[in-house]
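Colleague: I am new to this structure and would like to learn how to read its features one at a time. Could we look at it together?

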Amino acid sequence: MTEDEARQQLVDAMRSLDARGLNRGTSGNLSVRFASGMLVTPSGVTPDRLTADLMVYVDGDGSVAAGSARPSSEWQMHMGLYRRRPDANAIVHCHARYSTILACAHREIPPLHYMVAVSGGASVPIAPYATFGSEELADGVVQTLDGRSACLMANHGLIALGPKLPVAMAIAEEIEEQAAVYCGTLAIGGPKLLNAIEMERIIAAFTQYGQRDTKG
Ligand SMILES: [Zn+2]
């Protein structure tokens with residue numbers, strides 16, 4: 001993918017998050033690994049005003065070219081994740097409503113539906129609270145993910161990563177759906193959970209499916 005294509009892909013994805021109700025206004029941010037650093041959405045620009053040239057290239061050492069827009073305030077979290085997760089080439093962070101409701105209540109998403117396994121685990125855990133954009137937050141997210149593809153972030157929102165941006169976007173959207181379903185079940189007595197053996201079976205099936213998808 002060329003740099004221009006990668007920049008446009010970020011613009012389209014940010015608008016898509018907004019259109020699907022997964023994010024609002026200037027909150028949330030996206031990035032893709034690129035060259036020796038990453039391309040990340042800019043700080044403080046609403047999706048309707050985003051353009052490809054506003055996407056910011058941040059080099060691996062954190063430097064930004066003169067004349068660039070200001071990178072997302074959460075750029076250090078993205079960079080920290082790319083450093084520690086070589087399997088991640090794209091990151092989606094958003095303040096989707098139901099995920100954020102659970103994150104503010106410090107409730108992880110339990111194995112209430114087999115699609116919870118798109119996270120790569122039997123549940124969607126919550127990273128401890130740390131100030132947005134901090135290295136401490138990146139550390140907490142990496143430790144909480146523990147190899148998974150998504151987690152909630154306490155008192156903050158949701159983060160998902162993947163080998164490419166459409167995959168990370170799809171995971172974020174599915175986790176938000178599971179968060180909404182979980183909130184709904186809590187209103188009618190709580191979910192009846194799937195057992196660990198069944199979740200292991202689903203995770204294995206999704207892993208095989210993902211490998212097939214990557215190959216072809
Ligand atoms: Zn955020």
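Modeller: Let us begin with a pair of helices: α3 passes α5 in a left-handed crossing, where left-handed says that the near helix is turned anticlockwise from the far one by less than a right angle, and right-handed that it is turned clockwise. Helices (H or I, at least four residues) and strands (E, at least two) are DSSP runs, numbered from the N terminus. This is a predicted model, in which local features need pLDDT of at least 70 and side-chain atom pairs count only at pLDDT 80 or more, while totals for chains, interfaces and linings use all residues. Residues are numbered from 1 along each chain as its sequence is written.

Colleague: Which residues of α3 and α5 make the contact?

Modeller: Two residues are in contact if their C-beta atoms, placed from the backbone, lie within 7 Å. Here Tyr98, Ser99, Ile101 and Leu102 of α3 meet Ile175, Glu176, Ala179, Ala180, Tyr182 and Cys183 of α5.

Colleague: At what angle do the axes of α3 and α5 cross?

Modeller: Axes are lines fitted to C-alpha atoms, for helices over the stretch in contact, and angles run from 0 to 180 degrees between N-to-C directions. The axes of α3 (residues 97-104) and α5 (residues 165-186) cross at roughly 60 degrees and come within 7 Å. That makes α3 oblique to α5, since angles under 35 degrees count as roughly parallel, over 145 as roughly antiparallel, 65 to 115 as roughly perpendicular and the rest as oblique.

Colleague: In what order do the strands of the sheet stand?

Modeller: Strands of a sheet pair through backbone hydrogen bonds, either parallel or antiparallel. Two strands count as paired if DSSP finds at least two bridges between them. In this case 7 strands form an open sheet with mixed pairing, in the order β3-β2-β1-β4-β7-β6-β5. β3 (56-59) and β5 stand at the edges with a single partner strand each, so one side of each has no neighbour in the sheet.

Colleague: How do β5 and β7 each run relative to β6?

Modeller: β5 (residues 126-127) runs parallel to β6 (residues 150-153), joined by 2 bridges, and Ile126 has Leu152 as its bridge partner in β6. β7 (residues 157-162), by contrast, pairs with β6 in the antiparallel sense over 4 bridges, with Cys151 opposite Ile159 in β7. In the hairpin of β6 and β7, which has 3 residues between the strands, Asn155 takes a positive phi near 55 degrees.
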